[in-house]
Amino acid sequence: MEFDLIRDRDGQCSLELNGEQTALERWFNAKERQSICALDDLLEIIADIKRGNKREYIGSDPEFQITLTPDECAIIANWLLFDESLEHEVREGGYDRTILEEEDLQADEGDAKAECGLDDFAYLLEEWREFLRENQR
């Protein structure tokens, strides 16, 4: 996974990923991921998963849900989770599909979810943490 760590003239740090990992990029650039303490907590969770002390971790913030397993990291936008629960209710007959389709904003799901290996995610998280440590004021 190729990435660039950037600090702009105003001192703002950001991460840019090359490829189709828009959701992962947005997850990293969220305000919640600017805290080194929060990143340390997440790295400890990953270590617990790798040691076999945890089987899975699911966390969420205002925009995304993250799921970590021994093999992978999955990030999905909360609105997409809501859409999928509505789809279930449509199949069960709880909603009129034509009304749902008219109200749908046609958002791009590619920008709303991302997956990568847990080791790749941990590496990216460690690099991001170190970059923030060196560049935050």
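This briefing walks through a helix, a sheet, the cysteines and some aromatic rings. The model is predicted, so to speak of local features we need pLDDT of at least 70, side-chain atom pairs count only at pLDDT 80 or more, and totals for chains, interfaces and linings use all residues. Residues are numbered from 1 along each chain as its sequence is written, and side-chain values use heavy atoms, with hydrogens and water left out. Helices (H or I, at least four residues) and strands (E, at least two) are DSSP runs, numbered from the N terminus.

**Helix H2**
- H2 covers residues 36-51, and at 1.5 Å a residue its 16 residues should span 22 Å, which agrees with the 22 Å between its end C-alpha atoms. The expected span is 1.5 Å times one less than the number of residues.
- Among the buried residues of H2 are Leu-39, Leu-42 and Asp-48. Buried means under 20% relative accessible area, exposed over 50%, and partly exposed in between (1.4 Å probe, protein chains only).
- The buried residues of H2 pack against H1 (22-29), E3 (57-60), E4 (64-68) and H5 (118-135), where contact means heavy atoms within 4.5 Å.
- Just after H2 comes Gly-52, with a positive phi of about 85 degrees.

**The sheet**
- Four strands make an open sheet in the order E3-E4-E5-E6, with antiparallel pairing; two strands pair if DSSP finds at least two bridges between them.
- E3 and E6 (113-117) stand at the edges with a single partner strand each, so one side of each has no neighbour in the sheet.
- E5 (residues 72-77) pairs with E6 over five bridges, and Cys-73 stands opposite Cys-116 in E6.

**Cysteines**
- The count of disulfides is zero, taking a disulfide as a pair of cysteine sulfur atoms within 2.5 Å.
- Cys-13 is buried at 6% relative accessible area, while Cys-37 is exposed at 57%.

**Aromatic rings**
- The whole structure holds six aromatic pairs. Rings of Phe, Tyr and Trp (its six-membered ring) pair if their centres lie within 6.5 Å; planes under 30 degrees apart are stacked, over 60 edge-to-face, and the rest tilted.
- Phe-3 and Tyr-123 form an edge-to-face pair, 6.2 Å centre to centre with 65 degrees between the planes.
- Phe-3 sits in E1 (residues 3-7) and Tyr-123 in H5, so this pair ties together parts 120 residues apart in sequence.
- The Trp-27 and Phe-121 rings have centres 5.5 Å apart and planes at 55 degrees, so they count as tilted.
- Trp-27 is buried at 3%, and Phe-121 is buried at 0%.
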